[in-house]
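Me: I would like to learn how to read a structure feature by feature, with the general idea before the particular case. Could we work through one together?

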Amino acid sequence: MSTAVRVEHAPTGLTVRSAGERSQRANLTRALDRLAALIHARGAAAIAVAARARRRDHYRVERGRAIRTYTLDGDGALCPDGGR
């Protein structure tokens, strides 16, 4: 009698197989834990990629994308003529 368990996460298509324990319930618990860790790692990687893209876009200066510069007077108020 085999106690191996295969668990699949349908939305992502990730599959985990566990056969290390003698109990099917223990194998199921172990497989679910490993599957949760894989899903978490995949989500963390996606968040890191998005953060890198945001950071890269933040520092990119393109032609036609003007960067505004403001001049403040001694009191910290905005100069009406732009400090000219």
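Me: With which side chain does the side chain of Ser18 make a polar contact?

Reply: A polar contact is a pair of N or O atoms within 3.5 Å, where within protein one must be able to donate a hydrogen and the other to accept it, and residues adjacent in sequence count only if both atoms are side-chain atoms. Here the side chain of Ser18 makes such a contact with the side chain of Asn27, at 3.4 Å. Before going further, note that this is a predicted model, in which local features need pLDDT of at least 70 and side-chain atom pairs count only at pLDDT 80 or more, while totals for chains, interfaces and linings use all residues. Residues are numbered from 1 along each chain as its sequence is written, and side-chain values use heavy atoms, with hydrogens and water left out.

Me: Are Ser18 and Asn27 buried or exposed?

Reply: The scale is relative accessible area: buried means under 20%, exposed over 50%, and partly exposed in between, with a 1.4 Å probe and protein chains only. Ser18 is buried because its relative accessible area is 1%, and Asn27 counts as buried because its value is 0%. Over the whole protein, buried residues make up 11% of the 84 residues.

Me: What surrounds this pair of residues?

Reply: Contact means heavy atoms within 4.5 Å. Leaving aside neighbours within four places in sequence, Ser18 is in contact with Thr3, Ala4, Val5, Asn27, Arg30, Ala31 and Arg34. With residues up to four places away again not counted, Asn27 touches Thr3, Ala4, Val5, Ser18, Ala19, Gly20 and Glu21.

Me: How should I read the two strands, and which way do they run?

Reply: Two strands pair if DSSP finds at least two bridges between them. Five bridges join β1 to β2, and these strands run antiparallel. Val7 stands opposite Val16 in β2, and Leu14 in β2 is the bridge partner of His9. The two strands form a hairpin with four residues between them, and Gly13 in the turn has a positive phi of about 80°.

Me: How does the helix meet the strands, and which of its residues are buried?

Reply: An α-helix has 3.6 residues a turn, so residues three or four places apart point the same way. In α1 the buried residues are Asn27, Ala31 and Leu35, and they pack against β1 (5-9) and β2 (14-18). At the start of α1, a side-chain oxygen of Ser23 reaches to within 3.3 Å of the backbone nitrogen of Arg25.

Me: What span should α1 have, and what does the model give?

Reply: The expected span of a helix is 1.5 Å times one less than its number of residues. The 36 residues of α1 should therefore span 52 Å, and the end C-alpha atoms are 53 Å apart, which agrees. Ala36 has its place in this helix, which covers residues 24-59, and Ala36 counts as partly exposed because its relative accessibility is 46%.

Me: How many salt bridges does a search of the whole structure find, and which side chains meet?

Reply: Side chains of opposite charge can pair when their charged atoms come close. A salt bridge is a side-chain nitrogen of Lys or Arg within 4 Å of a carboxyl oxygen of Asp or Glu. The search finds one, in which the side chains of Arg30 and Glu21 meet at 3.1 Å, N to O. Arg30 is partly exposed, with a relative accessible area of 38%, and Glu21 is also partly exposed, at 31%.
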